[in-house]
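I opened this entry to go through a two-chain model and jot down what I looked up. Here is the structure I had on screen.

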Amino acid sequence: MAYGHYDAAGMAARRHRAIKILLAGGFGVGKTTLVGAVSEIKPLRTEEPLTARGARTDSIAGVERKTTTTVAMDFGRITLREDLVLYLFGTPGQERFWFMWDELALGALGAIVLADTRRLADCFPAIDYFERRDIPFIIALNCFEGARRYAADDVRIALDLDPDLPIVMCDARSKESAKEVLITLVEHVLSVADEPVSSSGI
Amino acid sequence: MPSNDERWLDAEAGPVVRPYALTRGRTRHAGEAFDLVATVTTTGGRVADPGALAPEHISVLQLARVPTTVVDIASDVDLPLGVVRILLADLRELGLVAIRAPVAAKPRQIDRNTLREVLHGLRAL
C-alpha cells in the first residue's frame, strides 16, 4: 500500500457487516442486564420531538422551535470479527416508544422476547409485533429468584406459540446464559431460513 | 388523570433538551434514508470551505476514517441519533462520506453463510 494513498477500494472490498438483534420485553424484565452480560454496553440516545396535542407552536423567523425528549436506549455491541459485528438493541416496551421499533426491526437478524413468568402478559405486544412483521424470534424466560419455574410447554400454551418456536430459560446476569440465548436465536433463524435456490434451474 | 405532558415527561423519558440547535433546527435530513447500522466511511474528499463544518461534523469525520456504523458514531460522539443522522447527511451532500446499506433491509434477508459465521462467532465468545 502506497503511503498516504487512501485505499477506498480496499476498504469497500472488505465489507463491514453490521447485524441487528432486537431484545424486547416489558419494563424491568432484565433487558439492560442481559445486554450488559454479553456485550460491550455503549451509551446511545435517541430523541423524539414532543408534539403534545394542544401545544402551541411558536415559529419565530422561520426557526423551528422544537422541544425534544431524549430517550436512552439499551445498546450493546459484540465484535465477532473485525468485519462482523452484532448490535443488540433493547426495544422499550412501552407503547409510546413504538415509533422506534420499525426502524430497529428493519433487516434485523431476529428478536429475543425476554419474559418474566410472573408477568407473562407484558410480552404479548412484542410477540404480536414480530409475528405480524415476519421477524423470527425466540422467547427467553428470565428466571428471577423466587419466581415459580414454569415448564416451557405451559408458557407456550399461555402465549399461544407455535410448537417450533424455541423457549429458553435464562439468567440475564450470566454471560454464558445470555450467550446461549443468542445462539438459540441464530440457530432458530438458520432453521427457518429458506434454503438457497439452486441457480442451475433444476 | 395526568395531562399529556406529564405522561411523556417522566424520568425514564430523559431530560427535555434542544439538541437540534446543532442542526440549525432541522429535524429531518436531506437525501436518501439510511439505516442505523449503515456503514459510514470517509471518501477522502476535501471541502472547499472548512468553515462550513461544525466541530461535530469534524468529530464524525474522524470516526468514519475506518468504516463505522451510524449507531457507533452516535454513541461515540455522544449525540442523539437523529442529530447524528443530519450531520451525516450534510457530510454525504458535501461528498465527504459514503454511507453503505447494511447486509439486510428486509426480514430473513441475511444469507446463511453470514448466519453461520455469526453462530461460530458467538460460540467462540
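Predicted model: local features only at pLDDT ≥ 70, side-chain atom pairs only at ≥ 80, totals over all residues.

**Confidence.** I checked the scores and found ipTM 0.80 and pTM 0.81. For chain B I got a mean pLDDT of 84, with 82% of its residues at 70 or more.

**Chain A.** I counted 6 helices and 11 strands. Of its 202 residues, 36% come out as buried. Taking contacts in chain A at a separation of 6 or more, I found that 74% of them join residues 24 or more positions apart.

**Chain B.** Here I have 5 helices and 4 strands, and reading from the N terminus I wrote the order down as α-β-β-α-β-α-α-β-α. The chain has 125 residues, and 35% of them are buried. For contacts between residues at least 6 apart in sequence, 70% link residues at least 24 apart.

How do α6(A) and α5(B) pack, by angle and axis distance? I got about 160° and 10 Å between the axes, for residues 175-192 of chain A against residues 112-123 of chain B. Roughly antiparallel starts over 145 degrees, so that is what I call α6(A) and α5(B). Their crossing is left-handed. On the α6(A) side the contact uses Lys179(A), Leu182(A), Ile183(A), Val186(A), Glu187(A), Val189(A) and Leu190(A). From α5(B) I listed Arg112(B), Leu115(B), Val118(B), Leu119(B), Leu122(B) and Arg123(B). I sorted the residues of this contact into 9 nonpolar, 4 charged and no polar.

**Positive phi.** I then looked up two aspartates. Asp160(A) is not a glycine, yet its phi is positive at about 55°. I placed Asp160(A) in the loop between α5 (152-159) and β11 (167-170) of chain A. Is Asp160(A) buried or exposed? It has 8 other C-beta atoms within 10 Å, so Asp160(A) is exposed.

Asp78(B), also not a glycine, has a positive phi of about 55°. I found Asp78(B) in the loop between α3 (70-77) and α4 (81-93) of chain B.

Note on methods:
Residues numbered from 1 in each chain as written. Chains lettered and ligands numbered in written order. Buried ≥ 20, exposed ≤ 12 C-beta atoms within 10 Å, placed from the backbone. Contact = placed C-beta atoms within 7 Å. Axes fitted to C-alpha atoms, helices over the stretch in contact; angles between N-to-C directions. Parallel < 35°, antiparallel > 145°, perpendicular 65-115°, else oblique. Left-handed = near helix turned anticlockwise from the far one by under 90°. Nonpolar A, V, L, I, M, F, W, Y, C, P; charged D, E, K, R; others polar. pLDDT = per-residue confidence, 0-100.
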